[in-house]
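I opened my notebook to look through a structure one step at a time. Here is the model I worked from.

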Amino acid sequence: MEELSAGSTGSAGSNGSAGSAVSAPDKDTDTDEAAGGGAGSAVIATRALTKRYRGGQLAVDGLDLTVPAGSVFGFLGPNGSGKTTTIRMLMGLIEPTSGTAQVLGRPMPRAAKAVLPQVGALIEGPALYGFLSGRDNLLRYDSADPTADPRTRRARVAAALDRVGLTAAAGKKAKAYSLGMKQRLGLAAALLQSRRLLVLDEPTNGLDPQGMREIRALVRELASDGTTVFLSSHLLDEIEQVCSHAAVMAQGRLIAQGPVSELAAGARGRLVVTTPDAADAARVLKEQGIGDVVVEEGAEGAGARVTAESPPPDRDLAELNAALVTAGVRVRGFGLEQASLEDAFVALTGEGFDVAG
Amino acid sequence: MSRVETSRAEAMPEAASQAARAPGLLWTFGLFRSELVTTFRRWRTIALLGVLAAVPILVGIAVKIETGDGSSTGGGPGGGGGEGPAFIAQITNNGLFLVFTALAATLPFFLPMAVGVIAGDAIAGEANAGTLRYLLVAPAGRTRLLLTKYATTMTFCVVATLVVAASALAAGALLFPLGDLTTISGTRISFAEGLFRALLIALAVAASLIGIAALGLFISTLTNSGIAAMATTVGLLITVQILDQIPQLDALHPYFFSHYWLSFADLMREPVYWDDLQRNLGLQALYAAVFGSAAWARFMAKDVTA
């Protein structure tokens, strides 16, 4: 219904351009090393992947995403930045307007039948049949997979339930499940078979801290078995804790991607001086040519924090400290504060992360 | 049931997998079985079947009470089947006629409405619940899922019709005498022959629902709201029934899926008058082909955003 009504909002012009873009060269990789996309190669690779919805809205714009095999890949971005649209294109649910997407070395959505059995997915939260028990939900999803062996179905379902800690509630109707239990059941559905790739969209949504920790442990465990995990989350510290690589999206575009350590390093840390003589410290730092000096008043007696952009690499920090002390500033703390992924994110998108809510 | 399934089963394995035989069969039946179980475990499905089972019982009791009063059962009240064949007058003589009466009474509305609910909900209901995306990434395969949904809807057509027939037969046997019966043409046939004709009629009625099932499935691929799809399908059913009554639209009538529905009564002639029955089957096949293809084309190109 939404689509139908959206289509009427005048998209003739945009459709024209989209139509011509569809004919972008479709690289045929059916033949070459289709099955042997082993270690080292990319598990997900998109080139200029673009999706324009019928209303004319550009949801994903020229995405070049590379997810290395064996990585735990964090996919970051505020709501409406195109994360879910990207995931849906990767899973063959949505046809890209232009560009190509390869998953496990095969083009999507064309090779969906060969690729998807090796992929477990949790997309935009779990979806269950409320009138079926948790176990029957999993049995149904498993029977939808033509490669799943019906002889081992019950055993695999039981193992998946056990893995997410739902064995005790397996016989309950899914509509009686709490959000956290539904989330676990969704995860169990992704774990019905051994997978080469797991795509998890906000997997810890609705879970209590203990549940979140369990899921993180599960993700690490799966990753150590060699499964590539593609994890979208709005919890930066979660990404920082679990992920080896990350990509940041904003407004349909990919802003940055790479190993988490490099991304965080990209945002420069800050110089922090703790002192009761804040004004003097700020003056000295400015005299030394350090920019962006900010004085943060601390609690009574604790002294203020003076922060500044971190000095260029050729400056010796000891020299700076000496200059402060020489000027009579009582330095109680002096050092560089590492940039967090959140700093990197804010620097990249220019907005706070909690826009995602 | 078996007809639809086996023809599908024969068609599948070729396209399904070029690999071993076993996966081919699993490919076809794993999801179909799951779909059947899921559909028939729904309270809604059971309620629909319950209503359908109640109709013949109510008709039987109404006829029984009316004859109990001493008045002879004319072609008049109670039936609710519109201008259906006058089987109702014969119920008091032979309970088997309750089967024909019940099918004639439920075919214009109750049966197609039930089928419209199941067919309309087939894809849209899954989209509404979000389960469609998980079936597709399983991966169920769009063609396979659509075929499974259609096969399940057709199975429901047969089951629903048989529920009406069985309930009518049970009520007829309890309330009225059974025995040899007179065909519309006036010849006598044995009770066994009558039962066989009843089964044929039930199958003809089930086949009459092929068209609306395909139409409902197509509508179901257009929207993400199961309720909207069901309402549209049932709305179309009523519209077509009304249009079929308007004489000025005479030229269009032969193309309405409901136009030849009551042709099943011709199976009670001696010899059977096949012309309208064949036209009905041809028309249903046409609807299945047209709207089946439309549903397929639409579903293959659909962006699943729900």
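These are my entries, in the order I made them.

**Entry 1: what I am looking at.** I reminded myself that this is a predicted model. I started with chain B and looked up its secondary structure, which comes to 11 helices and 2 strands. Reading from the N terminus, I found the order α-α-α-α-α-α-α-β-β-α-α-α-α. I then looked up burial: chain B has 306 residues, and 49% of them count as buried. I also checked contacts in chain B between residues at least 6 apart in sequence, and 74% of these join residues at least 24 apart.

**Entry 2: a helix check.** I picked helix 9 of chain B, residues 210-222, and asked what its length should be. At 1.5 Å a residue, its 13 residues should span 18 Å, and I found its end C-alpha atoms 19 Å apart, which agrees. Is this helix mostly covered or mostly open? It is mostly covered, with 13 of its 13 residues buried.

**Entry 3: two helices side by side.** Next I looked at helix 4 (residues 97-106) and helix 8 (residues 191-208) of chain B, which pack at an angle of about 10° with their axes 10 Å apart. An angle under 35 degrees counts as roughly parallel, so I wrote down that helix 4 of chain B is roughly parallel to helix 8 of chain B. Which residues meet here? From helix 4 of chain B I noted B:Val99, B:Phe100 and B:Leu103, and from helix 8 of chain B I noted B:Ala198, B:Ile201, B:Ala202 and B:Val205. By class, this contact has 7 nonpolar, no polar and no charged residues.

**Entry 4: the nonpolar cores.** The largest nonpolar core has 170 residues, and the ones that touch the most other members are A:Phe230, B:Val99, B:Leu103, B:Val115 and B:Ala213. Helix 7 of chain B, residues 142-175, gives the most to this core, with 15 residues. I followed up B:Val115, and among the residues it touches are B:Phe156, B:Ala160, B:Ile212 and B:Ala213. A second, separate core has 12 residues, including A:Leu271 and A:Val329.

**Entry 5: where the chains touch.** Last, I looked up the interface: 22 residues of chain A are in contact with 29 residues of chain B. On the chain A side, helix 4 (112-115) and helix 5 (134-144) of chain A are the elements that give two or more residues. Helix 5 of chain A gives the most, with 4 residues. I sorted this side of chain A by class and got 17 nonpolar, 1 polar and 4 charged residues.

Notes
Residues numbered from 1 in each chain as written. Chains lettered and ligands numbered in written order. Predicted model: local features only at pLDDT ≥ 70, side-chain atom pairs only at ≥ 80, totals over all residues. Expected span 1.5 Å × (residues − 1). Buried ≥ 20, exposed ≤ 12 C-beta atoms within 10 Å, placed from the backbone. Contact = placed C-beta atoms within 7 Å. Nonpolar A, V, L, I, M, F, W, Y, C, P; charged D, E, K, R; others polar. Axes fitted to C-alpha atoms, helices over the stretch in contact; angles between N-to-C directions. Parallel < 35°, antiparallel > 145°, perpendicular 65-115°, else oblique. Core = buried A, V, L, I, M, F, W, Y, C linked by C-beta atoms within 7 Å. Lists of a residue's contacts leave out its neighbours within four places in sequence.
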